[in-house]
Amino acid sequence: MRLPQVIVWEADGWMARQLRELAAEHRWLLRPVRSAQRIHQLLSPPDVCAVCLIQFEPWADRREPLELIAQLHRSQPDVAVVAVSDVKLSEAERSAWTAALFDLGARYVLFPPLTRPVLEDLVSGLMLAVIRRTVGVDPALTSAASQPAGGLGHSSAAASDHKDDHEPIDLVDEDEP
Amino acid sequence: MAETGEGKRGRPAGRPGLSWRSFFQQTTRPLFVLSATRRLRYVNAAWEALTGQPAEQVRGLVCSRRRHSTALAAALAPTPEALAGRPDRVRRPAPQTRPGTVWWDVSFLPLPAPEGFYGWLGSIDVIGEKAAPVVRKLPVFLAELRARHNQQFQWDWLEGDDIQLELWLTQLRQAAGTEVPLWLIGPTGSGKETTARIVHAASSRRHGAFVAVDCMGLQPYLIESLLFAPGNVLEGGHTGTLYLKSPQVLPRDLQQRLAELCHSRSVSVRWMAGSEQPPLELVQAGQLLPELATALAVWPVPLPPLAARWSCLHRWLELWGNPLGVDEAALAVLQSWPWPRNLRELRQVLREASQHAAGQPLRREHLPLTLRLHAEHASAPTEVTLPSLDTVLQTVEKQMIQLALRLCRHNQTAAAERLGILRNRLLRRMEALGLTASNTQ
């Protein structure tokens with residue numbers, strides 16, 4: 001198993017900044033990305049544990065985030081996807097959007113007010129559940145959830161050999177244009 | 001009104017009788033009086049009860065609909081018709097409520113005077129019914145995307161040649177034709193949520209959303225916000241099926257609220273739940289509230305084990321990346337593995353193997369080494385020829401005597417003491433085992 005990843009696709013880097021400490025504390029990789037293609041790359045290994053936060057804009061004609069949520073649910077059902085919007089909606093609209101995004105496969109939908117404690121609670125809870133389901137062990141029972149566990153015929157030595165993998169990466173996006 | 005020369009307690013100077021203030025004070029109709037300058041001069045007790053504002057605090061409030069006006073001032077502002085001196089009535093959103101929930105019908109009765117204008121007598125009627133909120137429709141492409149996404153959840157995903165599977169499918173098809181709460185039982189990774197989605201897609205609720213709530217991964221307050229807060233996912237009838245994953249992990253008070261919600265007639269949704277253990281066991285273990293079990297576990301359906309579902313393999317391969325199938329050797333390897341994490345584990349293995357296969361049918365060498373080794377051990381002959389016990393005991397005895405003699409520099413008396421036997425017995429055993437002074441050195 002590779003190190004668990006928190007993948008954040010957003011416009012301004014705000015969510016990644018809020019989650020930096022949480023990721024460092026649990027030794028999870030924080031991956032701010034700028035494209036759906038990069039998310040597919042990061043999730044291409046078969047036994048990856050990940051929580052993916054995707055910012056969407058209701059009413060804007062931007063289909064890519066919504067299509068990505070559906071694609072991830074189809075191809076990576078174990079990856080927990082959280083849809084996040086910073087647009088304030090009426091209650092009725094919020095209800096309609098929440099139902100639609102859950103239907104596409106999102107595990108949770110967040111609307112303003114967005115606060116750091118809520119983001120941290122959401123990501124940590126979902127990540128532990130993903131690890132429990134994907135690896136088959138309770139992360140609370142292991143010393144560190146991020147320690148590589150034995151997979152099906154896949155050597156975990158590769159992960160432990162790369163010390164860089166244990167370091168939460170800097171928030172500067174690696175696929176910066 | 002005070003400026004118009006009235007006496008104390010609202011009685012005009014020099015005029016005996018009932019004070020207008022006490023007269024207004026006793027009515028249950030919310031009343032207010034505005035001066036000619038649109039300042040609030042008087043409100044009665046019913047008005048105070050309706051708005052929650054004491055008269056002392058609002059007296060003098062200028063009631064206009066300017067940009068900086070408060071919601072209360074805007075609600076009480078005279079209409080242009082009333083400003084022109086004619087009675088009028090207008091419907092406005094009530095202040096301090098959520099938009100679109102409660103409305104006021106505000107009536108204005110102008111109070112003209114011989115020289116000038118006293119002001120307005122106003123009254124409020126509360127409109128009880130909820131006004132329909134202005135909701136923009138969701139984009140068309142989102143509806144198309146949802147329809148496309150939900151098309152993949154079909155019965156053929158579960159179909160196979162096995163009789164046990166057929167019986168199970170029949171049960172699920174019947175469940176899809178009803179509104180009865182369904183409880184799916186199966187180990188982790190056995191496809192409970194996918195099965196629930198397929199049942200939802202075949203039910204009359206398929207036009208609503210399928211909402212899966214991960215009770216294990218979400219904090220209870222996030223679930224409360226999702227299901228009970230204003231603007232929750234159950235409002236507006238957008239949700240068709242609500243699926244609770246492992247509801248037994250929720251705190252008991254939240255379980256109680258969910259049980260009450262299940263029985264509530266205000267919520268129109270199909271309930272489903274899933275867990276590893278049967279709900280009855282969870283109740284007996286004290287994890288699941290009996291009320292919630294009664295509400296949700298009306299139709300418990302156990303999922304068949306993976307071993308009974310190998311006839312679905314070709315369909316799964318299509319879904320998970322290799323529609324060309326799998327050869328017999330690879331199938332034997334797959335079937336020999338116990339799959340402790342069920343379909344989830346099988347999906348991971350097939351995905352990775354399909355990547356190795358690179359467009360070819362799946363062969364044995366594409367599968368992980370662990371699976372192949374396990375299959376080899378499983379297929380190895382199980383008959384092992386054991387040596388006789390006498391042979392083993394004699395070998396051990398011989399080695400111990402030789403060791404004792406070496407340690408004691410071939411002094412037989414000392415070696416016998418070390419072994420805890422008499423010297424004569426040692427000599428007899430040495431003779432029986434063919435040990436001589438020469439071959440022990």
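What is the mean pLDDT of chain A, and what percentage of its residues reach 70 or more? The mean is 79, and 76% of the residues of chain A reach 70 or more; pLDDT is the predictor's confidence in each residue, from 0 to 100. This is a predicted model, in which local features need pLDDT of at least 70 and side-chain atom pairs count only at pLDDT 80 or more, while totals for chains, interfaces and linings use all residues. Residues are numbered from 1 along each chain as its sequence is written, chains are lettered from A in the order in which they are written, and side-chain values use heavy atoms, with hydrogens and water left out.

**Confidence**

Helices (H or I, at least four residues) and strands (E, at least two) are DSSP runs, numbered from the N terminus. Chain B averages a pLDDT of 83, and 90% of its residues score at least 70.

| Stretch | pLDDT | Contacts in the model |
|---|---|---|
| Residues 141-177 of chain A | below 50 | 60, beyond near neighbours in sequence |
| Residues 1-7 of chain B | under 50 | 14, beyond four places in sequence |

Where pLDDT is low, the predicted coordinates should not be read in detail.

**Pocket and cavity**

On a 1 Å grid over the protein atoms alone, a cavity is a set of points where a 1.4 Å probe fits but cannot get out, and a pocket is an open set with protein on both sides within 12 Å along at least five of seven lines; lining residues have an atom within 4 Å of a point. A volume is the space filled by probe spheres set on the points.

The largest pocket has a volume of about 1,000 Å³. Its lining has 44 residues, and Asp78(A), Gly189(B), Glu193(B), Lys245(B) and Arg344(B) lie nearest its centre. Helix 5 of chain A supplies the largest share of this lining, five residues. By class, the lining comprises 14 nonpolar, 16 polar and 14 charged residues; Ala, Val, Leu, Ile, Met, Phe, Trp, Tyr, Cys and Pro count as nonpolar, Asp, Glu, Lys and Arg as charged, and the others, Gly among them, as polar.

The largest cavity has a volume of about 30 Å³. Residues of both chains line this cavity, including Phe102(A), Arg107(A), Glu193(B) and Arg197(B). Its lining divides into three nonpolar, two polar and three charged residues.

**Helix contact between the chains**

The axes of helix 4 (residues 91-104) of chain A and helix 6 (residues 140-150) of chain B come within 9 Å and cross at roughly 35°. Axes are lines fitted to C-alpha atoms, for helices over the stretch in contact, and angles run from 0 to 180 degrees between N-to-C directions. Among the residues making the contact are Trp97(A) and Asp103(A) of helix 4 of chain A, and Leu142(B) and Arg146(B) of helix 6 of chain B. The contact residues divide into five nonpolar, two polar and two charged.

**Backbone features**

A cis peptide bond, with omega about 5°, joins Pro112(A) and Pro113(A). Pro113(A) lies in the loop between strand 5 (108-110) and helix 5 of chain A. In chain B, Ser246(B) has a positive phi of about 50° although it is not a glycine. Ser246(B) is placed in the loop between strand 8 and helix 10 (252-263) of chain B.

How values were computed
Contact means heavy atoms within 4.5 Å.
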